Amino acid sequence: MQTFAAIDFETANSYPSSVCSVGVVIVRGGEFVERFYSLIQPEPNYYDWCCQRVHGLSERDTDDAPVFPYVWEKIAPHIEGLPLVAHNARFDERCLKAAFRTYQMDYPDYVFYDTLKASRDYFGYDLPNHQLQTVAEACGYDLTNHHHALADAEACAVIALKIL
């Protein structure tokens, strides 16, 4: 796979609609051509401590952030017709669908590919686990800013170029 959009969401709480940041990396012909990152005001708009501990974001970061439809309006034209790639794609696809439902937007049936599943097939038991940072390292990417949505999307893109 040489042309796709790698995507990663972070959530504020246990609701999949509570996306609070998104990172997107557009890859065309095997080259990174665009990167996009935005904070998002989550819905529902509160933060669980466990989510904050993972990504470090809080109300303070997203109180003035745009809501999902405005952010997606900027992303959608850039990913039109592209397959989406995510590490543990079920999570990111569930978040995307939940945000679309919450804001009563028509979901365009994006096609998702999962680098987590692909890494299990590709590396098997050669890795101690198939977490994003572990697989990224095995693919030559140093994920020093794990759980920042853009850094995670970049790591996913590197993985996808190597193993999909």
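I began at one strand pair: Arg-28 stands opposite Glu-31 in β3. I note that this is a predicted model, where local features need pLDDT of at least 70, side-chain atom pairs count only at pLDDT 80 or more, and totals for chains, interfaces and linings use all residues. Residues are numbered from 1 along each chain as its sequence is written, and side-chain values use heavy atoms, with hydrogens and water left out.

**Entry: the sheet**

I looked up how β2 and β3 are joined. They run antiparallel, with eight bridges between them. My helices (H or I, at least four residues) and strands (E, at least two) are DSSP runs, numbered from the N terminus. Two strands count as paired if DSSP finds at least two bridges between them.

Contact here means heavy atoms within 4.5 Å.

**Entry: strand β1**

I followed β1 (residues 4–11) residue by residue. Eight of its eight residues are buried. I take buried as under 20% relative accessible area, exposed as over 50%, and partly exposed as in between (1.4 Å probe, protein chains only). Phe-4, Ala-6, Asp-8 and Glu-10 point one way. Ala-5, Ile-7, Phe-9 and Thr-11 point the other way.

I looked at both partners of β1. With β2 the run is antiparallel, over eight bridges. Phe-4 stands opposite Val-27 there. With β4 (residues 84–86) the pairing is parallel, over two bridges. Ala-5 faces Leu-84 in that strand.

**Entry: Ser-21**

I picked Ser-21 in β2 (residues 19–28). Is Ser-21 buried or exposed? Ser-21 counts as buried because its relative accessible area is 1%. I listed its contacts, leaving aside neighbours within four places in sequence.

**Entry: backbone exceptions**

I keep the background in mind: most residues other than glycine have a negative phi, and most peptide bonds are trans.

I found a cis peptide bond between Glu-43 and Pro-44, with omega about 5°. Pro-44 sits in the loop between β3 (31–39) and α1 (49–55).

I then checked phi at Asn-88. The value is near 70°, positive in a residue other than glycine. Asn-88 lies in the loop between β4 and α4 (89–102). Its relative accessibility is 29%, so Asn-88 counts as partly exposed.

I also checked Asp-109. Its phi is positive, about 55°, although Asp-109 is not a glycine. Asp-109 belongs to the loop between α4 and β5 (112–114). With a relative accessible area of 61%, Asp-109 is exposed.
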